[in-house]
Each structure stands twice: as structure tokens, then as C-alpha cells.
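Please look at the model below before reading on.

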Amino acid sequence: MGKFYVTTPIYYVNSRPHLGHAYTTMVADLVARYRRQRGDEVFFLTGTDEHGQNIERAASASSLPVREHVDRIVAEYKQTFSQLGFTYDYWIRTTDDYHKQGVQQLFRKVKENGYVYLGHYEGWYCVGCAEFKEETVDGSAPYCELHDRLAERLSEESYFFRLSEFQEKLLDYYERNPKFIRPEARRNEVIAFVKAGLKDLSISRVSVKWGIPVPDDPKHTLYVWFDALSNYITALGYGNYLENRFDKFWPADLHLVGKDILRFHAVYWPAFLMAAGIEPPRTVFAHGMWLSGGRKMSKTVGNVIDLNTLMRHFSNDQVRYFCYREMSFGQDGDFTYEALIDRVNADLAKGLGNLYSRTMKMIEKYCDGKLPSIDASKTALGDVILAAKERFEREMQDYNFSRALEVVWEAISAVDKYISDSAPWKLAKDPAAQSELQTVLYSSAEAIRHLTLLLAPILPTSAETMWKGMGLEGTPLNIVPATVPWASLPQTIISPPVQLFPTIDKEKLMAEIAKSSDIQTEQKTPTVTIEDFAKIDLRVALVLEAERVPKADKLLRLIVDLGEDKPRQIVAGIAQYYAPEQLIGRKIIVVANLEPRKLRGLESQGMLLAAQHSKEGRPILAGFLEDVPVGAKLK
Ligand code: MSP
């Protein structure tokens, strides 16, 4: 028994949560329940990352004051996470006052220890990534693939953190703590990155207002990642008035993060902590990304798995099972509703559900619903179950959730096979085989009881139902599996068996899901008045010239005639789908009064219209079947 501190990243509040966000917390929930079940005192932290330019922009896009915008998204996150049944102990918000105090204290400490200086920073900054980008060879603005935009030049007074002084200290720490960064492949990447050299890090901005002021120099706000990473200690009461949990729970036992933010956690964070004289965390585990239909989930592609849709059609246990089983922890995984339904049907309905109900039904029928009592030495399956329990613990402690589940399902198959081979329905007909029948039923029920205990952190609701259904006392999440000996099943009275996981009619459910995601898209689009619509100047345009934009795989530069004095230049992100020569001479539709925007240094004086192919995400240009004069207005 000990303490266990597990954290998730804190989520940006610039958009609503989707499956990718829920996933990290779902894994943390599994680890937290697993540890609690084994008697550890657990502190499970999750929350929201609410400062920075990105959030400010998202708020202004939704025409809300920043405070109101963040409060709304936080409320939505909290509601979703509670519907998903997550058992976090604390929700941190970086806009809370105690967090601000703690972050400022950390900054003071790092500064006091000589690791902060004031300088000037000039560089290419991508607002989306909230980080400065590498200089390009020709000095032009680097293009951020991830956010489909050019980085912006930023030069300002800034406080710097002496990250360069930590190269050796970090490498030494990685060396001495081989489990600090996991999985192994990611650890090697981080080591290579640190070996290549570390530059000092700018940790304050004068250009960002929505942030935590630098102590004694409030025109600066702290860099969002300095602010955000500190959450892991401020939530424990570091440098503030919250209850002191720091002494008990720090260092964190497990920071769960997506691989996209590993560097911040495995390089910057331990360096900040070392600079403040605080011990670094024990393990940072970087999980892979959920793809959807083979592609990264993204709002523009339209393949984001919406949590409301998911929760409407599936139970939490079904979703949990799929996420833990399907994604080999540490690698990318593909989330599709088809695969989810297939797993539910094969593993939960046919596997676990069927084993449970067939066993309970036989106990009802052949033993009047009372679990038989037999001599322990006569039981079968004991070795199978004990071996499974041992392997399960090893895999779970190594964070191999998928394999831990395989172990349980192998045991389920073994019990199934044992039942089929012993054919209790035949034994029931033979008066001389009554004790053999009882052995089979007792052994199967005892195996199910042990497996239920293992499954409790994974499928909390179903495990509870199975436990109660078998007439057992207490709650499985409060029982340490290792303390339950084999063949100690009491003679309880079972409840009439329920169907735990009904088989899903795949075709029918897929149609319902398609329908509900259509409804959602419709709901999300607000109704506009005709006056609103009239503000948009849509025109027919003729493409005169088209060419690729050098070094930008996605962009085409078009010269189009809108029937005005002179043609316009439009930069469009369609180069992967249309060759320039396909477009010359074609009539398209252009939003003519859109605010001009620079892309790769080229001004785009309008936007062309295209339909989005929802499955593949490819754009299809809008046009006309009949001939139409250039410059004609659409209304
Ligand atoms: N605010 C930062 C984290 C600061 S932690 C001190 C952030 N937020 S985020 O909202 O963008 O992402 C939060 C987590 O969600 C990350 O771990 C990220 O990897 C995870 N995911 C977002 N999309 C995902 C998938 N499609 N699949 C799996 N996880 C993904 O980064």
C-alpha cells in the first residue's frame, strides 16, 4: 500500500471535448481505480488549460468575453467527464487564483536560483502551437503544417529560462531513471533531442494579455506552458493556500500525455522542477493518437468522434473496453464505430456476457439458484485463474492495458471451453454425476468471481452488476484481488440472470449513428437572417491563371476575373486535389468581400467555394451546369 498520484494533461478550452481528449482521462481513470482497488491512496488530477492567445482568439471568434467563453467550455468538459463516470479527485483550472499564486511562486524560486534572465526574443511564432518555430534557410516565415498557417514574426522583451544548463542534468536523469519516459521508443527520441542541444527558453510574453502576470513585472505574462505544466504541483497546494497534498503526493507517479506534448513534459517540466529544487516526476507515459478511419481526427476533415453521439449509443463500459483493448498503449489506434460494434459483439456479448449468463442460468436451473459448495481440492480451473491473475497484474503495472485484457479474455475462453467440454447439461441428466455437475458449476462461478475482480477497474458498472448478481457482498472495487484465495466462493443465492451485453444489430445502429451525427451538424449551424446572408458577396469568377505556391504542398495561387477593373489573386488550399491546368478557364464561385489574408506572404483577395466530401475530406469545387456571365452575383 502506498500513494499514487496520476495526472492527465489539462485541456485547452478553445473547443468542445472529443474522444481524443476523453481518452487520456479514461486511461487515468483506469489507473486510478486499479490503484485504489489495490489499497493505494490515490490522487487523480485532471482539468483545463485556460490561458494564452489561442484561447483569447477562440473567445473572440465565438463573440464572448474570454471569461464567459472559458467558463462555458469548462462546464461542458465537466459535464461530459461526469457522464463518462470519471473518478477524478480534483479539477484544476489555470484561471483559478490558487494556481496563479503557485505558478508565480515557482517562477520566483527558479529566478532566485539564478535560472531566469531578462532578454529579447525575436522569432517565428505559431499561435496554434504556442511556440517559436525554427528559422528557415531563406529567412522566410515558416509554414506550420499542423495549423495550416504561416508563423508570425515576434520580437519582444522576454524572460528566459536557462534550459541550456540542463542538458547534462536531464540526460543524467534519463539514464538513472529508465522508466521516466515511456514507452522506450519515445524515450530514445527525447534523448536524441536533448543530445542535439538545448537553447534557452523564452518563458514570458508582453504580447499576450490573457495570462498570469510575471511577479514584479506585470507587463509580462508567463508563457502558457510554464503556466500549464505547473498545474501538477499547484493542485497539490504548492505555493498557495490549498490543502497541502504536496508533501504526501509529490513526485507524481504517472503523468499521462499524448505523444504530441511529450517534449514539454519530458524536457521542459523536469528542467523547471530541477531549477526550483523540486524532484521530477517518476514516469511520463506518452500514448498514441486516435485516428478515425485511418486519418488524424480533425474538425476540418470532419472525422472527429463526438462524445455526445458516442454516449448516446454506447454505454461507458462498452466505450472503455474498446478504448483500452483496441489501442496498444503507446501506439496510434483507429476509432471507428464499426470496429467498436464488432468488439462489443464479439468480446462483450459473446465472450464475457455469454459466459456469465450461461453459468448463472445453469446454477438457477440445476442448483435452484444457490451456489453449490464443494471440496476445494476437487475444483478445476484454479491454476488457469491464478496464472491469469498474476499475468494481469504484471501487464497492468507495466501499463499494457490491451495485453492485460487479452489475459482476461484468454481465461474467459478457457472457462468456456471447460464448460463445453464437461457438458453440464448432460451431467444434469445423470443422477450419478451430480457431484461432478456441482464441481463444474462451482469452478466456473469461482472463475467468474475472480475475473470480475480483475475487470472492476475496466468495466466498473458491469463488474458491479455481475458481483451483485452472484449474490456476493461488498463492492468489487474495494476488494484486493490478490487477497481472495481460490475456492473460497461462499454459498450465496444468485439473482435471476440478466443479459449484461445484448448483441448489437450493427446495420441498424450504424444507420442511427449516421442520423444523429447529421442532426448534430444541423444543430451546430445557427440560423441566420436574410440580412446576414446578404452581407456575403458571392460572385462568379473565371480562373485566368493557376500555379503551385513554391514550398507549400497544399496551396495554389489563382488569378481570377470577377468582372472588376482588374483581376484578383486568390490563394487556395486545394493543390493536393486539383492540378493548376485543370482550373484555367473554369468558372468558380468566390466570396468577394472576405477580408484579405496573407498566406505564405501572398495576399488572398477572396475565397473560393467548394463542397467537402465528408468521408475523404477532399474539396470539390462549386460551379455551374449552364453558362453564366463573369462577375454575376449569387443570391
Ligand atoms: N493544454 C495542453 C496540455 C497542457 S498539459 C500541462 C494540450 N491540450 S489539448 O487539449 O490540446 O490536448 C490534451 C490531450 O489530448 C493531449 O494529451 C493530446 O495528446 C490529447 N489528444 C487530443 N487529440 C487526440 C487524439 N485524436 N487521440 C488521442 N489523444 C489526443 O495539449
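What follows describes a few helices, their neighbours and the domain layout. The model is predicted, so local features need pLDDT of at least 70 and side-chain atom pairs count only at pLDDT 80 or more, while totals for chains, interfaces and linings use all residues. Residues are numbered from 1 along each chain as its sequence is written, and side-chain values use heavy atoms, leaving out hydrogens and water.

Helices (H or I, at least four residues) and strands (E, at least two) are DSSP runs, numbered from the N terminus.

| Helix H3 | Value |
|---|---|
| Residues 66–83 | 18 residues |

Buried residues (under 20% relative accessible area, 1.4 Å probe, protein chains only) of H3 include Val 66, His 69, Val 70, Ile 73 and Phe 81. Seen down the axis of H3, its buried residues fall within an arc of 130° and so line one face of the helix; the arc is that of the directions from the helix axis to the C-beta atoms. Among the elements that these buried residues pack against are strand E1 (3–12), helix H1 (19–37) and helix H11 (307–313). After H3 comes Gly 85, with a positive phi near 80°.

H1 also packs with helix H12 (residues 316–326), at an angle of about 90° and with axes 11 Å apart. H1 is therefore roughly perpendicular to H12 (65 to 115 degrees). Axes are lines fitted to C-alpha atoms, for helices over the stretch in contact, and angles run from 0 to 180 degrees between N-to-C directions.

The domain assignment, automatic or from a database, gives domain 1 (332–483) and domain 2 (530–621). Their centres, taken over C-alpha atoms, are separated by 61 Å.

Technical notes. The expected span of a helix is 1.5 Å times one less than its number of residues. Buried means under 20% relative accessible area, exposed over 50%, partly exposed in between (1.4 Å probe, protein chains only). Contact means heavy atoms within 4.5 Å. Angles under 35 degrees count as roughly parallel, over 145 as roughly antiparallel, 65 to 115 as roughly perpendicular and the rest as oblique.
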